[in-house]
Amino acid sequence: MSESTQKYSITMPRDIAEAARARSGPSGLSAYVTAAVARQIEHDNLNELITVAEAEHGPITDEEVQALRDQLQQARRRQTPDGANRA
């Protein structure tokens, strides 16, 4: 994240603000909202990348998505609880 910060005023529905505040924990609402916005930016960037890739290579099939999900699940199973890979 950026080294410098700036104060902003945002408007959001009260129920969402209250839920965010309740979940923000000791880091506070600003950190919680910053993390949420950062995740949204990553999501938007990924969607843009997918759009470019699909324009160049064609749409990704459901079978390809499932195969990649299976590979990810297998890789996760090979990891130990502390995150180190098993040989």
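Start by selecting Ser24, which sits in the loop between helix 1 (14-23) and helix 2 (29-57); helices here are DSSP runs of H or I with at least four residues, and strands are E runs of at least two, numbered from the N terminus. This is a predicted model, so local features need pLDDT of at least 70 and side-chain atom pairs count only at pLDDT 80 or more, while totals for chains, interfaces and linings use all residues. Residues are numbered from 1 along each chain as its sequence is written, and side-chain values use heavy atoms, with hydrogens and water left out.

Stay on Ser24: is this residue buried or exposed? Ser24 is buried, at a relative accessible area of 9% (buried is under 20%, exposed over 50%, partly exposed in between, with a 1.4 Å probe and protein chains only). Now show Leu29 and Tyr32, which Ser24 touches, leaving aside residues up to four places away in sequence; a contact means heavy atoms within 4.5 Å.

Zoom out to the whole chain. There are 3 helices and 0 strands, in the order α-α-α from the N terminus. Of the 87 residues, 2% count as buried.

Next, select helix 1. Of its 10 residues, the number buried is 1, so helix 1 lies largely in the open. Ile16 belongs to helix 1 and is partly exposed, at 47% relative accessibility. Just after helix 1, click Gly25, where phi is positive, at about 65 degrees.

Move on to helix 2. Its 29 residues should span 42 Å at 1.5 Å a residue, and its end C-alpha atoms are 42 Å apart, which agrees; the expected span is 1.5 Å times one less than the number of residues. Finish at Gly58, which follows helix 2 and has a positive phi near 95 degrees.
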